[in-house]
Every structure is written in C-alpha cells, then in structure tokens.
Amino acid sequence: MSDFSYEQVQHLAKLACIALSDEEIEDLKKDLQGIVKSVALISDIDISGVEPTTNPLTLPQHLREDVSGETLERDVLLEQAPECEDGMFVTPRILGDE
Amino acid sequence: MMSGADKDEIVTLTASQMSEAMKKGDLSSREIIEAELEVAKAVDPKTESYLATCFNSAFMVADAVDQARALGQELPDLAGVPIVVKDMIVTKGVETTAASKILKGWVPPYDATCVEKLKENGMPMLAKTNLDEFAQGSSTENSAFHPTFNPWDLERVPGGSGGGSAAAVSSFESPLALGTDTGGSIRQPASFTGSVGMKPTYGRVSRYGAISMASSLDQIGPCARTVEDAAMLFDAIAGYDPKDSTSIPDFPSSALKAAKEGKKGDLSGIRVGIIAEAGGEGFSKDVTDGFLRGVNLLSSMGAKVEEQSFPHFLHGIQIYYILMPAEVSSNMSRYDGMRYGLRVMPPDATAASMMAATREQGFGAEVKRRIMLGTYVLSSGQYEKMYVAAQKVRTVLIKDFERAFQSFDVLVCPTSPTTAFKAGEVVDPVTMYKNDIATIPANLAGLPAISIPAGLDSLGLPIGFQIMANRQKDELVFKVASALQEAVSRENEGPIWNKVPRLWKSGEND
C-alpha cells in the first residue's frame with residue numbers, strides 16, 4: 001500500500017475527533033505506516049468461505065429476565081459532570097462556524 | 001507496633017496461609033494490613049505499583065472481619081485477606097483513572113461486579129494499581145502518571161499493561177491482585193515478575209465495571225504468587241452476572257479443588273501439546289531453555305507431551321492489531337468531555353472543538369495511535385479489506401485450536417519471547433507489540449490461559465511458562481499449573497517468587 005499522507009492522517013484525526021499538532025501528525029504518518037505494513041501479512045491467508053468471528057463465546061446469548069433493576073441516582077451522576085445546571089449536563093454550543 | 005521479623009513473616013505468607021492463620025486465631029486481618037502498609041511505605045516508592053491507596057477503608061473492612069470472627073461467625077475463606085485492584089476496574093467512591101489524564105479525578109458511583117464480590121468475601125482493598133493508559137501497552141511505561149518498576153531489577157519494566165498488579169504481588173505489597181487481560185496484560189507481567197497471572201475463559205468472569213478496551217477480547221482475572229492463591233481468587237470472582245450478557249450462565253467454578261489436585265503431581269493421562277511456532281526467531285535462548293525444562297517436568301509427572309504445529313499461531317498478532325484498535329477506537333469514543341472526566345475548552349468553543357481539544361490533551365500517544373489505527377481499519381476503504389478479513393482469519397485461528405484440542409488437553413509455550421527488558425529500551429511500537437505474540441491467541445479464541453514462572457534466566461530474571469486449555473476448561477489450567485509449580489519449586493529448592501529481593505530492607509536492589 002502507499003504511504004500515509006499528511007492530509008490522510010488529518011482526515012482520520014477529524015473522524016476520530018482528536019485535535020493533533022503538526023508534530024503528532026508527522027509521527028503518526030510513520031507509526032501508522034509501520035503498523036499497517038506489519039499486519040498486512042494476513043492477506044496471504046485463504047479466507048474464502050470462512051465466516052467472521054465477532055465474539056469468541058460459542059454459547060447462545062443469555063439475556064437476563066426482563067424486570068426492572070436499580071439505576072444510579074441523577075444527582076450522583078451529575079456530581080462527576082464537568083458542568084451541570086438544573087439536573088442537566090451543560091455542553092458547549094452545538095452549532096459552530098462551519 | 002510489630003517487630004521487623006513479624007512483618008517479614010506476615011507479608012511473605014501466601015493468601016491461603018493468611019486465611020489459615022486467621023482461622024486458627026494466630027493472626028488478625030488488622031495485623032496483616034498493618035504489615036502490608038509498612039511494606040508499602042518502604043517498597044512502593046521503589047516499584048511505584050500504586051496509583052492510589054485506600055488503607056483507611058481497608059482497616060475498616062479488616063476490623064469488621066476480625067470482629068465477626070471473634071463472634072464465631074462463619075466467614076468466606078478469603079475474609080480478611082488483602083487485595084489490590086488494577087485501576088482499569090471501577091471502584092465505588094475510589095478514584096478510578098485507567099492511568100489516563102482524561103479520567104483523572106473521576107470517582108465512580110458504582111462497583112464492578114468483581115469488586116462487589118471482593119466486598120462480599122470481606123476482602124480489604126489496599127490500593128488501585130498502575131497500568132499502561134487504558135491497558136494499552138506491554139511495559140507500564142505508558143501510564144499518564146508514572147511508570148512502574150520490576151521488583152527483581154528496578155531498572156527493568158514489570159511488563160504491561162498490568163505491571164502495577166504484578167509488581168505489587170511479587171514485591172509483597174499484597175498477596176493478591178485483580179488484573180485485566182486483552183492481549184496478555186495479566187500473563188506477560190506475571191511472566192516478567194515471577195508471579196502467577198491467569199486469564200479466564202471469555203465469559204467466566206463478569207466484565208461489568210471493567211473499563212472497556214476491546215470488548216470481544218477483555219477478561220478480568222487473578223494475579224497472585226501461587227497457583228493455589230490465584231485459584232481461590234478465581235473461585236471468588238467467577239460466575240454468571242445478569243449485568244454482562246457475555247458471561248456464562250450455570251457454570252460453578254472449582255479452581256481451588258483443581259489446584260489442590262494438581263499439587264499431588266500426577267499428570268498421567270494429560271496430553272500436552274507444545275506449540276511449535278512459539279519458539280525460534282525472536283524467542284531468547286534462556287526463555288526457550290527454561291520453557292523446555294518446564295516441559296520435561298510435565299513429562300516426568302506422567303503427562304504425554306508432543307509437539308504440535310500451529311500454522312496460524314503467529315498470525316494472531318496481526319489479527320489482533322487490526323481488531324483490537326477497531327474496538328478501542330469505538331470504546332474510546334465515550335470520552336468526549338460531556339458527562340464526566342476531563343473537559344478542555346478552547347477559545348469560542350463548540351461541542352466539536354471541545355471534544356477534539358479534550359481528547360488531544362486527555363489521551364497519551366499510544367492511545368491516540370490505536371484510536372487512529374482503529375479509525376483507519378474501520379473506514380470505508382479498509383473495512384472489508386482489513387477489518388472483516390481479520391475477523392475471518394480469527395475464525396481460521398480458532399479452528400486451529402479446535403483441531404488441536406481434539407488431540408491435546410492443554411497447549412503450552414513460553415508466555416513472552418524474552419524476560420523483563422530495561423525501562424526505555426523498547427521505543428518502536430511494532431517491536432513493543434511483539435511482546436504479546438504468544439499471549440494474544442488465547443484472547444482471540446476466548447481460551448483460559450495462565451503464566452507461571454518456570455525458572456530464572458542467566459541474569460536471575462523470571463521466565464514465564466504459559467498453559468492454555470479449551471474454553472471453559474479453566475480448572476484444568478489450574479490443575480496442570482499447580483503440578484508444574486510444585487515441580488519447579490522442587491527443582492529450584494523453593495518457590496521462584498521467594499527469590500525476589502526484599503525491597504523494604506535497605507541495600508537490597510536499591
């Protein structure tokens with residue numbers, strides 16, 4: 001595969017919602033390239049007709065009984081919030097300049 | 001105040017010896033916690049195993065246990081035996097950070113199910129242990145707060161991510177610890193520190209309250225100095241939990257019984273497969289030699305040992321470094337500065353710019369690297385080619401194991417290709433990832449696996465021996481490990497864990 005470009009890493013950072021410095025982007029170009037190259041060897045393995053594994057447990061999913069349980073108190077949860085008001089989380093404005 | 005000799009004696013007891021001594025009335029839980037506190041004061045500045053301590057609440061639990069015992073109440077075996085908990089597991093009222101700046105100061109409003117079980121068993125929790133940030137690393141150098149050092153040689157790493165739990169147990173700061181294992185984070189640190197670390201079958205221990213890293217791979221498990229102690233702790237935390245839909249229902253555990261059975265040293269009828277590919281290039285000669293000595297001990301106890309070729313074993317690491325970052329990138333998306341944890345407000349902040357700035361400042365380099373890698377493998381151009389392909393190769397690897405378990409009861413290989421390396425020695429990510437080459441396959445297949453010390457290398461550092469079994473055969477893992485541990489102790493004139501320097505004595509390994 002081709003090398004990671006500055007723009008490509010910047011685009012991934014935007015998708016991952018992480019602001020990165022120029023220096024971090026340069027480091028990641030190199031690191032991602034190295035890691036992707038090292039995992040590329042799996043493409044040699046024959047996987048035709050093989051089903052993907054999403055969960056290593058082979059047992060059927062076991063659901064608990066559909067009865068109401070305990071939940072955490074709103075006040076207790078809000079104590080950990082960066083900012084709250086009237087029993088709600090306060091967030092920065094959603095609409096920006098874009 | 002206790003004399004120095006008393007303290008030495010108390011902290012070097014195993015968990016089961018502590019339990020027996022308390023039952024007989026020779027020792028109180030308070031005396032144990034006092035001794036551990038004294039040792040922690042002297043040792044923790046050297047190993048830096050702990051992120052936070054909670055001795056005050058530990059003394060309260062200890063006193064309650066001592067009182068109940070004085071009244072003649074029936075108590076669980078582990079009542080009064082202290083434990084430390086990896087800071088990847090949430091503890092009500094005790095700061096839980098996952099060794100990340102993004103969670104600094106977060107005090108969880110609930111307990112993980114396994115922590116509830118520790119409380120039900122009357123176990124005093126002494127501390128939260130250090131780890132690589134969000135359990136992402138193999139040396140505990142990636143903690144946002146400080147690295148942890150190996151009690152066998154303070155210039156070396158204790159392995160990772162659970163280096164804090166392993167270092168605490170092996171340096172006698174605690175007889176028991178809880179860890180989490182996604183690709184080897186319990187077993188590789190056990191290997192580096194001469195302790196015992198066990199990753200249960202996926203689903204045997206509830207993951208509720210374990211901070212998610214890669215949900216199809218994560219498991220909580222026990223860390224201890226002996227197999228018997230690890231088995232006792234396993235029995236205490238295993239079992240179905242309605243709060244974890246991947247936990248296995250109706251499956252009582254009997255690990256301690258199995259460990260005691262194994263101690264007798266009779267392995268006749270047990271078929272042992274040596275994984276042929278987990279050797280050779282990358283594996284040090286000392287590790288290979290130590291491993292083979294362990295294999296000979298298994299044969300001498302009647303096990304039938306044969307080499308087994310595992311065509312896809314070494315591909316495990318490649319599958320892992322596609323699937324794990326994908327799951328990491330998804331699980332880390334919850335840290336957005338909205339409801340808890342760090343919030344960084346850039347000038348004229350919007351929700352999006354606040355999130356990006358918070359994640360920039362809150363996450364360390366390795367976590368960012370894995371989120372970025374995961375975002376890449378899940379992106380539309382790579383999803384089929386990388387992510388789905390890796391899921392299919394995961395199936396191929398699982399089929400290798402299924403075939404092998406038709407001919408073998410357990411599979412064995414070195415836990416880690418080398419013994420503990422020096423702090424700062426491994427900087428390249430891909431080189432660091434190779435530490436987990438032999439531990440990752442068990443996570444991909446959901447198998448139970450244990451690491452116990454097989455001996456020491458030419459530098460006097462512990463060598464880890466890994467035993468894996470088929471899903472839900474955790475008890476068999478404990479049985480074989482217990483037999484091997486006894487044989488290794490006989491050969492080395494005493495247990496390996498007992499050969500570590502006593503760091504609270506001045507002049508030892510300073």
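Analyst: In this predicted model, strand S7 of chain B, residues 271–275, runs parallel to S8(B), and the two are joined over 5 bridges. Within this pairing, B:Arg271 has B:Lys304 of S8(B) as its bridge partner.

The pair belongs to an open sheet of 11 strands in chain B with mixed pairing, ordered S1-S3-S2-S4-S6-S5-S10-S11-S9-S7-S8. Its edge strands are S1 (50–53) and S8 (304–308) of chain B, each of which pairs on one side only. From one strand to the next, the twist averages 25 degrees.

Elsewhere in chain B, helix H6, residues 163–170, is mostly covered, with 8 of its 8 residues buried. These buried residues of H6(B) are B:Gly163, B:Gly164, B:Ser165, B:Ala166, B:Ala167, B:Ala168, B:Val169 and B:Ser170. After H6(B) comes B:Phe172, which has a positive phi near 70 degrees.

As for the neighbouring chain, the contact draws 58 residues from chain B and 45 residues from chain A. On the side of chain B that touches chain A, the elements giving two or more residues are the helices H11 (316–331), H12 (351–362), H13 (365–377), H14 (383–407), H15 (429–433) and H16 (440–445) of chain B. H14(B) gives the most to this side, with 10 residues. By residue type, the side of chain B that touches chain A divides into 35 nonpolar, 15 polar and 8 charged residues.

Methods: Residues numbered from 1 in each chain as written. Chains lettered and ligands numbered in written order. Predicted model: local features only at pLDDT ≥ 70, side-chain atom pairs only at ≥ 80, totals over all residues. Contact = placed C-beta atoms within 7 Å. Helix = DSSP H or I, 4+ residues; strand = E, 2+ residues; numbered from the N terminus. Nonpolar A, V, L, I, M, F, W, Y, C, P; charged D, E, K, R; others polar. Pairing = 2+ DSSP bridges. Axes fitted to C-alpha atoms, helices over the stretch in contact; angles between N-to-C directions. Buried ≥ 20, exposed ≤ 12 C-beta atoms within 10 Å, placed from the backbone.
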